[in-house]
Amino acid sequence: MPAIVLNISTNAHKECLDLTGAVRQAVRDSGIKDGLCHVMVLGATAAVIVNENDDPNIGVDLLRALDTAVPEHDNWLHDRIDNNAQSHILASMLGPSETVPVVDGELLLGTWQALMLVELDGPRQLRRVSVQLIAGQ
Amino acid sequence: MPAIVLNISTNAHKECLDLTGAVRQAVRDSGIKDGLCHVMVLGATAAVIVNENDDPNIGVDLLRALDTAVPEHDNWLHDRIDNNAQSHILASMLGPSETVPVVDGELLLGTWQALMLVELDGPRQLRRVSVQLIAGQ
Amino acid sequence: MPAIVLNISTNAHKECLDLTGAVRQAVRDSGIKDGLCHVMVLGATAAVIVNENDDPNIGVDLLRALDTAVPEHDNWLHDRIDNNAQSHILASMLGPSETVPVVDGELLLGTWQALMLVELDGPRQLRRVSVQLIAGQ
């Protein structure tokens, strides 16, 4: 089965957006029973993570911690071209994708785990997120 | 084949625990010859990494480096609720899962690579770790 | 189908090397139409990331940011043995692997996304990189 691509718009320069509902729906629509679900943002200045979203301030704390560990501007060479070097650096540190098991037709996540898109260079009208499902034997 | 769930207890607030033996056994028990092995902790304040464990001090160094890059307390908003914001931040930075190839019925790891559970908010009586195996064609 | 192993030599103590062409070729040679492509370095002092390589300075910026966040020497315990603790720490933070969808026989990457090997303790004559392909149903 080919990858599903979710089209998502982001609203802030940096923010965390919950993808869990949309990915759960893609899993159900696929009819897959057991396997893996791979979720990847198709851009080099955003990331996909797993974390708690019951308290959305966790995403706010994460973004502030990353801003402190890697300053937004620090004579980065890439800033001379696009002025968004920090977005690329943080995207590589967090990674573009997460993979989650599918068991009995559902995502296998802990009670407090959500799939989140991390926008690092927004707002953007279109962030494409691939959802690729692989069935086990 | 459905995911196997390993039940693991942790012993310290922060520590690295070697999962390689348990995951190797799950691969052998499955009978899978070639494919992928996905290992994921089902909690938002722990992580799974790959690193050397022949010198267990690498895990100690890693935990100290993370504590320096992201202070345990720094007026994090989530600390007002659970006082464990740093654990969530570091869990997102390291990521909850790793995927390793299976070749000829065995995990394909470099000589110095081990699969490790990183406890970031322990000790916990129960950390659930999913092992999902997918056979290639 | 068993994993393909790419043999790569690195040229500097730290550097980012583009793997995209070699991985694309492995996907085409496999004949796989839809599925996942898992790329993993089989060493504990290197990493695989996805980022832009049209401006190679992004890799230079990334390596400097990591050097600042985690100093090369800071009384790390593992430095007493191998003097490369920082390489192990950064390898765990970036992670050894990335997984990318395969759609219509090609890697599904964004316009600015490249698969990169990050050497953190080179130069090395031989870095082995596994490419494991899994077809979807």
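Which residue of E5(C) is the bridge partner of C:Met40? In E5(C), that partner is C:Ser97. I shall return to this pair after a few conventions.

Good morning, colleagues. What we have before us is a predicted model, in which local features need pLDDT of at least 70 and side-chain atom pairs count only at pLDDT 80 or more, while totals for chains, interfaces and linings use all residues. Residues are numbered from 1 along each chain as its sequence is written, and chains are lettered from A and ligands numbered from 1 in the order in which they are written.

Let me begin with the sheets. Helices (H or I, at least four residues) and strands (E, at least two) are DSSP runs numbered from the N terminus, and two strands pair if DSSP finds at least two bridges between them. In general, strands of a sheet pair through backbone hydrogen bonds, either parallel or antiparallel.

In chain C, five strands form an open sheet in the order E1-E8-E3-E5-E6, with antiparallel pairing. Its edge strands are E1 (4-8) and E6 (106-107) of chain C, each of which pairs on one side only. Within this sheet, strand E3 (residues 35-41) and strand E5 (residues 97-103) of chain C pair in the antiparallel sense over six bridges.

E1(A) and E8(A) run antiparallel and are joined by five bridges. The bridge partner of A:Val5 in E8(A) is A:Ser130.

I turn now to the arrangement of the chains. Two copies of a chain are related by a rotation about an axis and a shift along it. Copies are superposed here by least squares on the C-alpha atoms of residues with pLDDT of at least 70 in both. Chain B is superposed on chain C by a rotation of 120° with 0.0 Å of shift along its axis, at an RMSD of 0.0 Å. That is the relation of a three-fold axis. The C-alpha of chain B nearest the axis belongs to B:Ala69, 3.4 Å from it.

For chain A and chain C, the superposition is a rotation of 120° with 0.0 Å of shift along its axis (RMSD 0.0 Å). Here the C-alpha of chain A nearest the axis is that of A:Ala69, at 3.4 Å.

How many residues of chain A are in contact with chain C? Counting two residues as in contact if their C-beta atoms, placed from the backbone, lie within 7 Å, 29 residues of chain A are in contact with 31 residues of chain C. On the side of chain A, two or more residues come from each of strand E3 (35-41), helix H3 (85-94), strand E5 (97-103) and strand E8 (127-135). H3(A) provides the largest share, six residues.

As to residue classes, Ala, Val, Leu, Ile, Met, Phe, Trp, Tyr, Cys and Pro count as nonpolar, Asp, Glu, Lys and Arg as charged, and the others, Gly among them, as polar. The side of chain A that touches chain C has 19 nonpolar, 10 polar and no charged residues.

The contact between chain B and chain C takes 31 residues from chain B and 29 residues from chain C. On the side of chain B, H2(B) gives the most, with seven residues. That side divides into 17 nonpolar, nine polar and five charged residues. Only 16% of the interface residues of chain B are also interface residues in chain C, so the copies meet through different surfaces.

Finally, the helices. The axes of H3(A) and helix H2 (residues 57-69) of chain C come within 9 Å and cross at roughly 70°, where axes are lines fitted to C-alpha atoms, for helices over the stretch in contact, and angles run from 0 to 180 degrees between N-to-C directions. That makes H3(A) roughly perpendicular to H2(C), a term covering 65 to 115 degrees. The contact is made by A:Ala85, A:His88, A:Ile89 and A:Ser92 of H3(A) with C:Ile58, C:Asp61, C:Leu62 and C:Ala65 of H2(C). Thank you.

Note on methods: Parallel < 35°, antiparallel > 145°, perpendicular 65-115°, else oblique.
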